[in-house]
Amino acid sequence: MTLTAKDVAEIMRLLEESSFDTLSLEMGGVKLNLQRGSAAPVRQASAPATAAPVPQATAPPPPAQKARPPSEAGLAEVASPLLGIFYRAPKPGEPPFVEVGAKVEEDTVVGIIEVMKLMNTVRAGVKGQVAEIIAENAALVEYGEVLMRVRPVK
Amino acid sequence: MAIRRILIANRGEIAARVIRTCKALGIETVLAASQADLDSLPARLADRTVCIGPARPSDSYLRVETIVQAALGVKADAIHPGYGFLSERPALARVCEQEGVTFIGPTAAQIEAVGDKLRARAEAEASGVPTAPGGAVETEHEAMLLGREIGPPLLIKAVGGGGGRGMKRVDRLEHLPEAMRMAAAEAGAAFGDTRVYLERFVARGRHVEVQILGDGNGRVIHLGERDCSVQRRYQKLIEETPAPLLPPNFRENIHAAAVKFTERLSYRSAGTVEFLVDVDRGAFYFLEMNARIQVEHPVTEAVTGIDLVAEQIAVADGRGLRLKQHDVPAKGCAIECRINAEDPARDFHPSPGTVRRAAWPAGEGVRVDTHVFSGARIPPFYDSLMAKIIVHAADRPSALERMRRALAETHVDGVATNLAFHTEVLGDPEFARGGVDTGFLARFLDRRAAQQQVATNG
């Protein structure tokens, strides 16, 4: 008994639609562990019109890698919830979860982070339209690294 | 195979110290740092820093999969685990073995063999290394039988404990069943393992440990001993080498015991075998083995001139031991003081915060291993070690004098430290004489409290 990539994608979709956070499947020597990513932290980039933010003593330090500056003001950042390998599509050759211009809800899956064969979903965390995709497919992303930016809508 | 890039899976002074050796060896470094450490000294020294997670260790430094994924992601050949965190978790060594990443340390099996205190005790007995009278007890009846044989006072130790954690002293045999029930329950809660064993409680003991290096194929050399008897609640505060005032032949015997123990394991990398020296009986017993580089390793480096991290890397790289036993010198005396961000006036309570100004000592025979600079943050999530001041001199009196000067040169503003406390301990006649037992610091603190009381009342 083997699992095809299509089966895995189907199982992932089932988990997505369920109310569970993790799924462990063992059959005929095949082991599959799926984990719903905790909603990626969303940070609202401050608009240029607002006053410069006052640094707080407890403010977390900036992420190690500086993402390129946003092309427009008011974009929300979708940050990586984990260090791992970022995938834009459910599997190689398939269309990406989202492209620039895609409309997303808070819980729309926008990517996968792999940590030692454990797949974690990344959700948009904000309702809006994908404005920029920063992280490269199949590249190492760090915790808190900006994966993409979303133009929020009310 | 040659190690060209190392992922440092640690923080603080040990991360900075490992990076320095890597730089000297021409090896690239990638620091795996939590969000709280992205602006730390090791992050500034490393060729690259990757953020592995939030500040809380369980979300970053303690995640085996994340660490190995980071190593694979940055194409590191090897991982250096430092001390603490994952350094003695067999899981990290094992996943490294599976993924083809070199773990700079012992094998997973060796970490397991010495991590289980009962198994380590059995290994010691099997290699002919003396252990304190005692053994495993499963029932209260067994405990009473063994307790009567050894005689009180006794120590109940948790198999999963170590480093002073999970121990209970029993002074009267009739209290043994009750104490054993409690110890087992506490051990279960703290270590997930209710097994305990009994040992004779040594009234006056010294903590003497032996630094060893093994090639993983059965060849082991020792790099002398360290005396770490100045402890507060099993936390080491001052360490020195050589151990002062040991009886004749004692030193040679304790070195030989450490080598025998680790040879039998075909131990790989740097490790430390800890012994309890029973002052009244003139005997020594195996305590435990630490399968990692230790905080106090620089005193050994000072008197031998050997870079232990460089040797760890060489062994991990398959180059074996580059030294023979007779190549290991032992020149003079070295002492280390651990400078912690903790407040002696508030029962040594940790005092995290921002260091406004830090001025460290320098000069002939003075080494400072630190991650603290002016403006550095001491996050509350980690241990309070700020710096280790190590001095080296021809003999103990000169080393003590050098340490006094070094401490006087040191200034840290912004957080409370134990700097002044160190100066007080160094001025104590009992410590100056040398060879104190592990009860020394508690006695010193009692005397100090009494004097302060007199001063207040007078």
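Predicted model: local features only at pLDDT ≥ 70, side-chain atom pairs only at ≥ 80, totals over all residues.
Accessible areas here come from the Shrake-Rupley method with a 1.4 Å probe.

The secondary structure of chain A consists of 1 helix and 11 strands.

Strands of a sheet pair through backbone hydrogen bonds, either parallel or antiparallel. On β11(A) you can find antiparallel pairing with β4 of chain A (residues 76-79), joined by 4 bridges. In that pair, A:Glu77 stands opposite A:Arg149 of β11(A). Strand β9 of chain A (residues 128-133) also runs antiparallel to β11(A), and 5 bridges join the two. Here A:Gln129 stands opposite A:Arg151 of β11(A).

A:Glu94 sits in the loop between β5 (84-87) and β6 (103-104) of chain A. Its relative accessibility is 27%, so A:Glu94 counts as partly exposed. Although A:Glu94 and A:Ala76 are 18 residues apart along the chain, 26 Å separates their C-alpha atoms.

Now for chain B. Its secondary structure comes to 15 helices and 23 strands. The radius of gyration of chain B is 22 Å, close to the 23 Å that the globule rule gives for 458 residues, so chain B is as compact as a globular protein of that length. Taken along the principal axes, the C-alpha atoms of chain B fill a box of roughly 60 × 60 × 45 Å. Of the 458 residues, 58% count as buried. For contacts in chain B with a separation of 6 or more, residues 24 or more positions apart account for 65%.

The surface and charges of chain B are worth a moment too. Its accessible surface comes to about 18200 Å², and 50% of this belongs to carbon and sulfur atoms. Chain B carries 57 positive and 59 negative charges, whose mean positions are 2 Å apart.

Inside chain B, 5 strands form an open sheet with parallel pairing, in the order β3-β2-β1-β4-β5. Strands β3 (48-53) and β5 of chain B stand at the edges with a single partner strand each, so one side of each is left without a neighbour in the sheet. At the β5 end, β4(B) and β5(B) pair in the parallel sense over 2 bridges, and B:Ala78 has B:Thr102 in β5(B) as its bridge partner.

Helix α4 of chain B (residues 90-99) brings us back to these two strands. Its buried residues include B:Pro90, B:Leu92, B:Ala93, B:Val95 and B:Cys96. The buried residues of α4(B) pack against β4 (78-80) and β5 (102-103) of chain B, and also against helices α3 (64-73) and α5 (108-115) of chain B. Following α4(B) comes B:Gly100, which has a positive phi near 75 degrees.

Notes
Residues numbered from 1 in each chain as written. Chains lettered and ligands numbered in written order. Heavy atoms only, no water. Pairing = 2+ DSSP bridges. Buried < 20%, exposed > 50% of the residue type's maximum accessible area, 1.4 Å probe, protein only. Contact = heavy atoms within 4.5 Å. Rg over C-alpha atoms; globule rule 2.2 N^0.38 Å. Lys, Arg positive; Asp, Glu negative; His and termini not counted. Charge placed at Lys NZ, Arg CZ, Asp CG, Glu CD.
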